[in-house]
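Please examine the sequence and the three-dimensional model shown below.

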Amino acid sequence: MVVYTVHMTRMLQKGVQEGRWTEKFTSRIQFNGDLVVASPDTYQVSLGSDAEFVVLASDGLWDYMNSSDAVQFVRDQLKQHGNVQLACEELASAALDRRSQDNISIIIADLGKTDWQSIPPLQQQNFVFELGQAFATLGIVSLGIWMSSSLFSL
């Protein structure tokens, strides 16, 4: 524990020198026990007969994407190309696009119950419909801003 505390203290001193932290901030930090825990949180879940795949990932993904979005994303990827490795890479890229700065580790276990090649391809989104939704949203937000500014000016 002594060696660990010495390294942490040096890390904090270097952070102050580099401008990451103030001396006031680092003076308040107390190291008690281990900062890294070697026993992971584990859960046992029964899979239904309709389970197609399992996604195991670090918090670098889960802090930026909820489980239903991740499952839908993977499912769409597997429908497109059926490649689990590529689906992992695309899912990690999606988390990075959402500004994840944590480490991202992903494992997708295809349970082999779905023939991804036989599923009909995804339908393309209707561009005109999406454009209409965007303008409607913009109009509603603008109306809300105008109404709130009108109320405050009274």
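The model is a predicted one, in which local features need pLDDT of at least 70 and side-chain atom pairs count only at pLDDT 80 or more, while totals for chains, interfaces and linings use all residues. Residues are numbered from 1 along each chain as its sequence is written, and side-chain values use heavy atoms, with hydrogens and water left out.

Helices and strands are DSSP runs numbered from the N terminus, a helix being H or I with at least four residues and a strand E with at least two. Helix H4 comprises 15 residues, 67–81. The expected span of a helix is 1.5 Å times one less than its number of residues. For H4 this rule gives 21 Å, and the end C-alpha atoms are 21 Å apart, which agrees. The buried residues of this helix are Ala 70, Val 74, Gln 77 and Leu 78; buried means under 20% relative accessible area, exposed over 50%, and partly exposed in between, with a 1.4 Å probe and protein chains only. Seen down the axis of H4, these buried residues fall within an arc of 95 degrees, so they line one face of the helix. The arc is taken from the directions that run from the helix axis to the C-beta atoms. An α-helix has 3.6 residues a turn, so residues three or four places apart point the same way. The buried residues of H4 pack against strand E1 (53–57), helix H3 (59–62), helix H5 (84–97) and strand E2 (106–110), where contact means heavy atoms within 4.5 Å. After H4 comes Gly 82, with a positive phi near 70 degrees.

Ala 87, Cys 88, Leu 91, Ala 92, Ala 94 and Ala 95 are buried in H5. Viewed along the axis of H5, the buried residues fall within an arc of 155 degrees, so they line one face of the helix. The cover over these buried residues of H5 includes E1, H3, H4 and E2. Just after H5, Arg 99 has a positive phi of about 75 degrees.

At 15% relative accessibility, Glu 52 counts as buried. The side chains of Glu 52 and Thr 114 are joined by a polar contact of 3.3 Å. A polar contact is a pair of N or O atoms within 3.5 Å; within protein, one must be able to donate a hydrogen and the other to accept it, and residues adjacent in sequence count only if both atoms are side-chain atoms.

Glu 52 also meets Arg 75 in a salt bridge between their side chains, at 2.6 Å from N to O. Arg 75 lies in helix H4 and Glu 52 in the loop between H2 and E1, so the pair ties together parts that are 23 residues apart in sequence. Arg 75 counts as partly exposed, at 23% relative accessibility.

The aromatic side chains give a further link. One aromatic pair is found in the whole structure. Rings of Phe, Tyr and Trp (its six-membered ring) pair if their centres lie within 6.5 Å, and planes under 30 degrees apart count as stacked, over 60 as edge-to-face and the rest as tilted. The rings of Phe 53 and Trp 116 have centres 6.2 Å apart and planes at 45 degrees, so the pair is tilted. Phe 53 lies in strand E1 and Trp 116 in the loop between E2 and helix H6 (127–152), so the pair ties together parts that are 63 residues apart in sequence. Phe 53 is buried at a relative accessible area of 11%, and Trp 116 is buried at 5%.

The count of salt bridges comes to three, each defined as a side-chain nitrogen of Lys or Arg within 4 Å of a carboxyl oxygen of Asp or Glu. Glu 18 forms one with Lys 14, at 3.9 Å from N to O, and one with Arg 20, where the closest N and O atoms are 2.5 Å apart. Glu 18 is partly exposed at 43%, Lys 14 is partly exposed at 48%, and Arg 20 is exposed at 55%.
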